[in-house]
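The following exercises are to be worked with the sequence and the three-dimensional model at hand. Each task is followed by a solution in steps.

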Amino acid sequence: MFVVLIGPAAASKTTLARRLAKNDILINLDAATPSHADVDIRKWVRAEDIQKKYGLGINGALLKSMEIIAEMEEWIPEDAERIKFVDTPGQLEVFLYHDMGRRVVEKLAARDAVSSLFLVDATEMMEVENYLAMLAQNAMINLKLGVPSVTVINKVDAVDRERITRYFDMENLLKMLKGGDALVSLASGLVDYVEYTSIYQRPIMVSAKTGEGMDDLYSAIYEVHCSCGDLS
Ligand SMILES: Nc1nc2c(ncn2[C@@H]2O[C@H](COP(=O)(O)OP(=O)(O)O)[C@@H](O)[C@H]2O)c(=O)[nH]1
Ligand SMILES: [Mg+2]
């Protein structure tokens with residue numbers, strides 16, 4: 001199974017992927033960041049080389065790198081036994097607005113089952129509006145990629161967890177919203193959508209730093225794995 005970690009810059013994708021892949025395989029698809037992953041895309045594609053070759057800025061070079069990666073097969077390991085965790089760059093537009101994220105996922109899906117972890121930083125979730133914006137992005141990525149997804153709230157060591165768990169109760173969540181009726185119906189629609197499309201209905205709270213919540217996350221990954229197996 002491939003597990004693709006997706007999330008904004010600094011959401012802790014690399015730290016979590018390293019911890020998760022301790023006994024499995026780690027693939028780095030971030031062409032701008034040197035890595036000790038088992039498979040490092042920088043062996044073939046380096047953002048700084050792409051920048052020079054095509055005269056691009058760093059963001060353009062990362063997008064171009066993903067375009068090239070989506071056409072390649074060399075980096076995809078054959079290992080049916082172990083889980084292959086795929087670390088990705090923080091440019092969410094790769095998955096939200098362009099096609100290359102989906103093409104990468106399709107390439108993986110041709111070889112093995114694919115799921116994704118949508119990662120967010122707990123320290124960015126202190127306001128309920130941010131939590132809703134996170135659900136909206138998660139829903140868009142689900143829609144575009146079409147693979148089962150688990151939402152992961154990372155860095156819980158750095159926040160008051162209670163504040164975040166209050167969002168998980170729909171009644172509480174709606175009470176916290178200061179907007180008018182339109183925002184309330186958007187919020188309940190989003191929660192319904194995510195509940196309907198996620199294997200795990202509640203986000204999993206973890207700390208890649210301390211290891212808290214890792215057992216829950218592994219259980220979620222295995223559960224998704226089993227349901228993928230049922231589908232194939
Ligand atoms: N407090 C806290 N900081 C973390 C955690 N995981 C990562 N970080 C820090 O967050 C920053 C970004 O982490 P990184 O894994 O590089 O994020 P990425 O850009 O999503 O790959 C680094 O400074 C990490 O040390 C965590 O669980 N708790
Ligand atoms: Mg990273």
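**Exercise 1.** Determine which residues T151 is in contact with, leaving aside its neighbours within four places in sequence, and describe its setting.

*Solution.* Step 1: With those neighbours left aside, T151 is in contact (heavy atoms within 4.5 Å) with F118, M134, N138, P203 and I204.

The model is predicted: local features need pLDDT of at least 70, side-chain atom pairs count only at pLDDT 80 or more, and totals for chains, interfaces and linings use all residues. Residues are numbered from 1 along each chain as its sequence is written, chains are lettered from A and ligands numbered from 1 in the order in which they are written, and side-chain values use heavy atoms, with hydrogens and water left out.

Step 1: The side chains of T151 and N138 are joined by a polar contact of 2.4 Å. Such a contact is a pair of N or O atoms within 3.5 Å; within protein, one must be able to donate a hydrogen and the other to accept it, and residues adjacent in sequence count only if both atoms are side-chain atoms.

Step 2: T151 belongs to strand β6. Strands (E, at least two residues) and helices (H or I, at least four) are DSSP runs, numbered from the N terminus.

**Exercise 2.** Decide whether S149 and T151 are buried or exposed.

*Solution.* Step 1: Buried means under 20% relative accessible area, exposed over 50%, and partly exposed in between (1.4 Å probe, protein chains only).

Step 1: S149 has a relative accessible area of 1% and is therefore buried. T151, at 3%, is buried as well.

Step 2: S149 lies in strand β6, residues 149-154, and its side chain makes a polar contact of 3.3 Å with that of N142.

**Exercise 3.** Which residues of α1 are buried, and why are they on the same side of α1?

*Solution.* Step 1: The buried residues of α1 are K13, L16, A17 and L20.

Step 1: They lie on the same side of α1 because their arc around the axis is only 100 degrees, taken from the directions from the helix axis to the C-beta atoms.
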